[in-house]
Amino acid sequence: MRSWSHITATLLVLLLSRSGLANPTANTTAEVVKRVASYVEAFNRRDVAAAAEHWSDRGQYVLAGGVPIVGREAIAAALEKLLTTDEPFQLTVSRQVYRVVSDDVVIEEGIATLVSEKHGMETASYLAVHAKQNG
């Protein structure tokens, strides 16, 4: 007859074994968190090239009205219009939730807040798909 402690110990070992598999997931999420921080930093420095580098050649930025800006070059042009103003502003992101689809794909949802003297505070929910390509 098996005892509950033996079954519990077996379940604990299985759970610990599974948690070992989670390391790539944790590493993948950590990489994405660093990339998001890098994007926000580049945006706030008004470094168009560094911000645009975070987008893929086929990336899409969908505006609030549902109009997509497609491709890194087009997104860079849109960022340039926004980032070359003289108005002081600050972008922050918060309440991010990351869903790991695979070791190379992470879906991020969060809240973006842009604060400026002229326009005040604007917030928007966002969804980003992070895909690792070519390492």
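## An aromatic cluster

Welcome to this structure, where Tyr39, Phe43, Trp55, Tyr61 and Phe89 come together as one aromatic cluster. The model is a predicted one, in which local features need pLDDT of at least 70, side-chain atom pairs count only at pLDDT 80 or more, and totals for chains, interfaces and linings use all residues. Residues are numbered from 1 along each chain as its sequence is written, and side-chain values use heavy atoms, with hydrogens and water left out.

## The ring pairs

The structure has 4 aromatic pairs. Rings of Phe, Tyr and Trp (its six-membered ring) pair if their centres lie within 6.5 Å; planes under 30 degrees apart are stacked, over 60 edge-to-face, and the rest tilted. Tyrosine 39 and phenylalanine 43 make a tilted pair, 6.2 Å centre to centre with 40° between the planes. These two residues sit 4 apart in helix α2 (residues 23-45), so about one helical turn separates them. Both tyrosine 39 and phenylalanine 43 are buried (buried means under 20% relative accessible area, exposed over 50%, partly exposed in between, with a 1.4 Å probe and protein chains only).

In another pair, the ring centres of tryptophan 55 and tyrosine 61 are 5.9 Å apart and the planes stand at 90°, so this pair is edge-to-face. Tyrosine 61 is partly exposed, at a relative accessible area of 39%.

## The chain as a whole

The protein chain contains 4 helices and 5 strands. These are DSSP runs numbered from the N terminus: helices are H or I with at least four residues, strands E with at least two. From the N terminus on, the order is α-α-α-β-β-α-β-β-β. Of the 135 residues in the protein chain, 23% are buried.

## Strands side by side

Two strands pair if DSSP finds at least two bridges between them. Strand β3 (residues 89-102) pairs with β4 in the antiparallel sense over 11 bridges, and a hairpin through 2 residues joins β3 to β4. Here serine 94 stands opposite isoleucine 111 in β4.

β4 also pairs with strand β5 (residues 120-131), again antiparallel, over 12 bridges. The hairpin from β4 to β5 runs through 3 residues, and isoleucine 107 has valine 129 in β5 as its bridge partner.

## A closer look at threonine 113

Threonine 113 lies in strand β4 (residues 105-116). With 11% relative accessibility, threonine 113 counts as buried. Leaving aside residues up to four places away in sequence, threonine 113 touches Gln90, Leu91, Thr92, Met121, Glu122 and Thr123, where contact means heavy atoms within 4.5 Å.
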